[in-house]
Amino acid sequence: MGQIHLKEIKSISYEKSEVKKGYTDQSLRINLDSNDIIINPIEDKIKDKFIGGKGYDLWLMWNNVNGDTKWNDPENTVCISSGPLGGTPGYPGGGKSIVTAISPLTGAPIDSNVGGYFGPYKKFSGFDVIQIDGKSNKDIVILIDGIENTIKLFNVKNLPEDSYELSDVLTRHFDETKPVNVSVVTAGPGAEHTYFGCLNFSWWDAGRKMVRYKQAGRGGIGTVFANKKVKAVVARYGAVSMKTNSPADLTALKAVTKTHAKEIHTLDPKQNRMAVVGTTHLVPIMNDHDCLPVHNFKFGSHPESKVIGEEVYEHIFDKGFDGCWKGCAVACAHGVKDFSPFTGPYRGKKVFVDGPEYETVAGCGSNLGIFDAQTILEINFYCDAYGLDTISVGTSLGFVMECFENHQITIDHTGGMDLSFGSRFNALEIIHQMARGEGFGSIVGKGIRKMKAIFAKDFGANAAFMQDIGMESKGLEFSEYITKESLAQQGGYGLALKGPQHDEAWLIFLDMVHNFMPTFANKAEALHWFPMFRTWFALCGLCKLPWNDIVPEDNKNNPEPAKVVKHVGWYADFFSAVTGRKTGPEDLISMSEAVYNFQRIFNLKMGYGTREHDTVPYRAVGPVTVEEYKSRQKRYDDQLIEKYNLDISDMTSEEKVASLRQKREEQYEVLKDAVYERRGWTQNGIPTIETVKRLGIDFPEVLEVLKKNGVE
Amino acid sequence: MIEVDEKQIEWSENMTIASLLETLDNSEFCSVVRINGKLFSSPLFAETMISDNSKIQLLPLVAGG
């Protein structure tokens, strides 16, 4: 690598808008068609209704795209926000960024929540949210310098291609003496050549004296970023304290921060030990409950899973503080040092791997039949470095492997590669191909929905079978939980606004293990409350893990333990202390409900957002094949007899599969009806006029979209 | 004696996780326990024997990703 070259093409100085009660009340727009740098005020009525974070992102996007905008059109807009509470040092999970764009996979708004220092640094530099639209014709780096109060655009040459090296090089370039002042957002070559590119958000790990990063993974925002020829967005800011966010009541903020952080320090070692093992504790738990995806979600457990869970990674993870924000008590962002890849451009070199988390272990490990902790680490490393979402990579490769084993595709299509489950070297080769935009990897990189069309049209594969086993909904690949025995979680995935990601609702245990929601009304209520509350974290710039992954010792005595009511109260106190807006727990739900419904109507604006788009593949609902049925035969036989009162004595296995399917698919449709009613939507899944009026989002342009879709 | 969430409880022969939980208040939420550092999930509760002097933690409701 020679000398990097950054040529300044635009620079402005600005008077910094100081933070007041968590807000700067300004947005920053970078238009890459004209290289214009535009600072706009954020009106109070927008602040009141959209709160911040994802709310601001969606509002800016809504105003910049039309219903025909495609992901690679210049109007598509990448928005990055923090939120009024984001950037509070010491509050557990208090430093998230929320990123949105029109997704290459779904054609609708996608949002992703990510750690690292960028969101807070950007806000403290004067901007609640930044929007990047237009398209550059040359590679570009954007610098937001909150120390010098300048914004600069650079044309760049000779930068490293991958995020791993690029994050490091740019961090040192923009503040060699104090690299902790810099956070860098990058994509990578995989983002450029696939539809599921992620963004890496960095921070300087002062203990290890190196750059670390976390990923805004879902939906291909990195692909949009790369398509605009943005190599990086850099934020630079100095020291941060609780006062930096200018809270309305510093004393109250300190009190609630101390209370929540102390509880986590006390209880995490007794509960999930996330400060030691991250989320890898979920691997054995999901395996034992038959919820760990194995072989493209066919099965829910595997005897070899014990070698890819917390028992192994606890000993591999490097010891040290692993918070992705300053002073976070959860500190779950673990990594592995001195890892030596056995393939690809870093073969034989020593690298630091940020991860793996549960999703990567499950998606790129058990789901592919790869029960090898080292291979999972290598897949994790290259996905990050190339800017690829590990969830979409794992779920897409699982689909490919099942198609291969089922002879829907052959070595004639894969470039000679055996892609049976467990083919770890060829799985890695596909990932390298994705980064190069070559070979069969370039087809896999289009995601499952497009692969299904290509395999059917060009390879003669069975479209109906692929529809059943292709784990995507709305075009987005599923995250890594088996939902066959949880109708509520089938809805948690299928009814999620952006597609099947678990950050809206994770109800598997409440439903399947504890049977806390036996009726459709119970399930619908859960599919209202949980998505609304979880949305609130994305409005405020927070991580959800401290809410319900470490819980008070007396939580079990609460009549609704899943809501972790004590923590909800603390979050209301947190919001009140920072913003000065007196807030109770119920207010958090109403804040989210407005933005949630707005996002649903945004989907509608883009040509989606109706009942037909809330479908899930049958693999998520029940056994597609006789092999799957037989793997849980007693359970399914008992259901047919006891729940559905069927006489199965003369049924063949194929007939049992068909009968169960009919019943389960009917239930899913009834669930949709119940959820739509609870949310105040029509039976076609569209918010009613009464609902948008109640929530105060009855803007003329919103009503126009509803009218076009028959709701007035 | 065994220790359950830092409280001492009398151990008995043939004690399983399931039989232990039946003696505790408000344990229906519990789907995972940690015994001497190792995780055991609810499908294994009935068959998993508890040894004397075990240190047990009842994990909270599993919250997912």
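Predicted model: local features only at pLDDT ≥ 70, side-chain atom pairs only at ≥ 80, totals over all residues.
**Close-up views of chain A**

View 1. Beyond its neighbours within four places in sequence, A:Thr343 is in contact (heavy atoms within 4.5 Å) with A:Glu378, A:Tyr382, A:Phe425, A:Leu428 and A:His432. A:Thr343 sits in the loop that links β14 (335-339) and β15 (351-354) of chain A. Helices (H or I, at least four residues) and strands (E, at least two) are DSSP runs, numbered from the N terminus. With a relative accessible area of 11%, A:Thr343 is buried. Buried means under 20% relative accessible area, exposed over 50%, partly exposed in between (1.4 Å probe, protein chains only). The side chain of A:Thr343 makes polar contacts with the side chains of A:Glu378 at 2.5 Å and of A:His432 at 2.9 Å. A polar contact is a pair of N or O atoms within 3.5 Å; within protein, one must be able to donate a hydrogen and the other to accept it, and residues adjacent in sequence count only if both atoms are side-chain atoms.

**View 2. The β14(A)–β15(A) pair.** These strands run antiparallel and are joined by three bridges; pairing requires at least two DSSP bridges. A:Gly335 stands opposite A:Asp354 in β15(A). Side chains in a regular strand alternate between the two faces of the sheet. From β15(A), A:Val351 and A:Val353 point one way, A:Phe352 and A:Asp354 the other; all are buried.

**View 3. Packing of α13(A) against α14(A).** Helices α13 (residues 390-405) and α14 (residues 424-436) of chain A pack at about 120 degrees, with axes 12 Å apart. Therefore α13(A) is oblique to α14(A). Axes are lines fitted to C-alpha atoms, for helices over the stretch in contact; angles run from 0 to 180 degrees between N-to-C directions. Angles under 35 degrees count as roughly parallel, over 145 as roughly antiparallel, 65 to 115 as roughly perpendicular and the rest as oblique. A:Val393, A:Leu397 and A:Met401 of α13(A) meet A:Ala427, A:Ile430, A:Ile431 and A:Met434 of α14(A) in this contact.

**View 4. A seven-stranded open sheet in chain A.** The strand order is β1-β9-β8-β13-β10-β11-β12, with mixed pairing. Edge strands β1 (5-13) and β12 (210-216) each pair on one side only. The twist averages 20 degrees from one strand to the next. Six bridges join β8 (residues 140-145) to the parallel β13 (residues 230-236).

**Conventions.** Residues are numbered from 1 along each chain as its sequence is written, chains are lettered from A and ligands numbered from 1 in the order written. Local features need pLDDT of at least 70, side-chain atom pairs count only at pLDDT 80 or more, totals for chains, interfaces and linings use all residues, and side-chain values use heavy atoms, leaving out hydrogens and water.
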